[in-house]
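User: I have a structure open and want to go through it piece by piece. Pick any starting point.

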Amino acid sequence: MNTKTLLPDSGLPRVGFDFFGPFRPKRLLVVLTLLALALAPGELGALTRELMTNAYVQVSVFVAATLLLFYGSERLFKYDMGATLKRARFWQVPMASFLGATPGCGGAVIVVAAYTSGNVGLGAVVAALTATMGDAAFLLIATRPDAAAVVLPVSLAVGVMSGWLVDRFNRVDLPVLEGASCEVAPRIGRLRPRDIAYLLPGVPGLVVGGAQLAQIQIDSLLGLPVMTFALAGTALGLFIWATSPVTAMTNAKDAPLTRMAEETSFISVWVIGAYLAYDYAAAFAGIDITAWFSAIGPLLPLIAIAVGFIPGCGPQVLVATLYVNGAIPFAALIGNAISNDGDALFPAIAINPRAAALATIYSAIPAVLVAYGFYLFAPGFMN
């Protein structure tokens with residue numbers, strides 16, 4: 001269906017009238033499978049609906065709120081972070097590490113873009129990629145804020161030290177591709193009604209999620225059971241993902257609401273998958289994942305670090321979910337958080353694969369040191 005626009009060529013977000021658009025067959029199959037599980041009779045359907053509700057009010061609404069705040073302020077103030085980083089000199093690495101440590105992948109992507117245009121050095125890239133926990137940070141903040149209060153500052157500090165050491169000792173000459181574009185994400189180019197609709201269940205969902213963090217139980221809101229609007233928001237997000245061209249991150253030129261809806265939907269699918277996989281294994285297969293992982297205890301931090309090398313945030317969300325459920329120790333979580341480069345690795349690989357590979361290798365060293373430091377000297381910390 002062709003999309004008409006209300007504000008053509010005005011420089012403002014255009015509003016498209018297509019609600020979902022063409023479906024992507026593989027994604028649609030995943031969505032239909034999840035919906036079938038939610039609608040199944042008996043224990044299977046009840047457990048699935050409960051887990052989807054938890055994923056929505058514990059994670060998705062917080063992801064949406066944070067992304068909207070981040071992208072909205074970026075659009076409102078129109079700051080040029082690349083130029084700011086270039087002028088920072090000594091503070092360039094700490095600023096890059098701070099951007100990387102912000103939840104999600106937006107801050108680290110900004111640093112990668114600044115490197116491709118020659119505004120920052122390799123140390124800043126290493127600092128950002130080392131500090132970032134990517135989208136898994138949203139899950140941790142929403143479900144284990146006590147652990148997030150440790151992981152994020154530690155990752156920030158490790159990122160700063162790693163970046164400074166790289167700037168001081170790195171002797172590998174890598175070309176900086178002046179003028180290269182980091183806009184590898186597809187451009188959507190219009191604000192759609194579905195992006196606005198995605199906000200509607202999100203507002204009461206955020207209220208419920210905030211109440212849960214304060215240990216206040218809310219069973220209904222605005223006359224509706226929590227599960228009703230949570231499942232409505234989940235279903236809308238699933239269909240947004242099923243028609244989305246986005247595979248990792250959104251284009252910086254798109255409207256903040258569009259970017260929020262697209263990225264939240266993408267992250268939510270992984271969170272739902274992680275929630276279902278863990279509880280299905282325990283409820284229906286009788287698998288004690290915690291006991292299974294404890295049998296290979298000394299290898300867990302190393303395995304989590306290796307998972308962190310995988311580009312994207314999906315596998316890292318799974319690692320965070322395993323930690324939240326008590327299946328892996330804090331040492332494995334912190335190792336994954338430091339080695340994990342999130343979605344920022346995609347533009348880095350596309351623009352300068354040699355720099356991306358070297359930055360990943362450099363981030364692996366502190367990941368091993370910190371992870372096994374916690375494993376050996378503070379084995380019960382935050383578990």
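Analyst: Met 382 has a relative accessible area of 21%, so Met 382 counts as partly exposed. Buried means under 20%, exposed means over 50%, and partly exposed is in between, with a 1.4 Å probe and protein chains only. The model is predicted: local features need pLDDT of at least 70, side-chain atom pairs count only at pLDDT 80 or more, and totals for chains, interfaces and linings use all residues. Residues are numbered from 1 along each chain as its sequence is written, and side-chain values use heavy atoms, with hydrogens and water left out.

User: Where is the place of Met 382?

Analyst: Met 382 sits in the segment after α18 (353-377). Helices are DSSP runs of H or I with at least four residues, strands are E runs of at least two, and both are numbered from the N terminus. Met 382 is not a glycine, yet its phi is positive, about 60 degrees.

User: What about Arg 89, which phi does it have?

Analyst: About 55 degrees, again positive in a residue that is not a glycine. Arg 89 is in the loop between α3 and α4. With 71% relative accessibility, Arg 89 counts as exposed.

User: And helix α4 itself, how many of its residues are buried?

Analyst: 8 of the 10 residues of α4 (92-101) are buried, so the helix is largely enclosed by the rest of the structure. The buried ones are Gln 92, Val 93, Pro 94, Ala 96, Ser 97, Leu 99, Gly 100 and Ala 101.

User: What covers them?

Analyst: The cover includes α3 (81-88), α5, α6 and α8.

User: Asn 119 next. Where is its place, and is it buried or exposed?

Analyst: Asn 119 is in the loop between α5 (106-116) and α6 (122-131). Asn 119 counts as buried because its relative accessibility is 18%.

User: What is Asn 119 in contact with?

Analyst: Leaving aside neighbours within four places in sequence, Asn 119 touches Gly 82, Ala 83, Leu 85, Lys 86, Gln 92 and Ala 114. Contact means heavy atoms within 4.5 Å. Gln 92 is also one of the buried residues of α4.

User: Changing topic to electrostatics. How many salt bridges does a search of the whole structure find?

Analyst: The search finds 5. The criterion is a side-chain nitrogen of Lys or Arg within 4 Å of a carboxyl oxygen of Asp or Glu. One of them joins Asp 254 and Arg 187, at 3.0 Å from N to O. This pair links distant parts of the chain, 67 residues apart: Asp 254 is in the loop between α11 (226-243) and α12 (256-283), and Arg 187 is in the loop between α8 and α9 (193-197). Asp 254 counts as buried, at 2% relative accessibility.

User: Which residue forms a salt bridge with Arg 192?

Analyst: Glu 262, with the closest N and O atoms 2.6 Å apart. The two are 70 residues apart, with Arg 192 in the loop between α8 and α9 and Glu 262 in helix α12. Arg 192 is buried at 4% relative accessible area, and Glu 262 is buried at 2%.

User: Which side chains meet at 3.1 Å?

Analyst: Those of Glu 262 and Arg 194, in a salt bridge, N to O. Glu 262 is in α12 and Arg 194 is in α9, so this pair ties together parts 68 residues apart in sequence. Both residues are buried. Salt bridges with shared partners join Arg 192, Arg 194, Asp 195 and Glu 262 into one network.

User: Helix packing now. At what angle do the axes of α7 and α8 cross?

Analyst: At roughly 135 degrees, and the axes of α7 (136-143) and α8 (145-169) come within 6 Å. That makes α7 oblique to α8. Axes are lines fitted to C-alpha atoms, for helices over the stretch in contact, and angles run from 0 to 180 degrees between N-to-C directions. Under 35 degrees counts as roughly parallel, over 145 as roughly antiparallel, 65 to 115 as roughly perpendicular, and the rest as oblique.

User: Which residues meet there?

Analyst: Ala 137, Leu 140, Ile 141 and Thr 143 from α7 meet Pro 145, Ala 147, Ala 148, Val 151 and Leu 152 from α8.

User: Last one: how many helices and strands are in the protein?

Analyst: The protein has 18 helices and 2 strands. Of its 383 residues, 52% count as buried. Among contacts between residues at least 6 apart in sequence, 81% join residues at least 24 apart.
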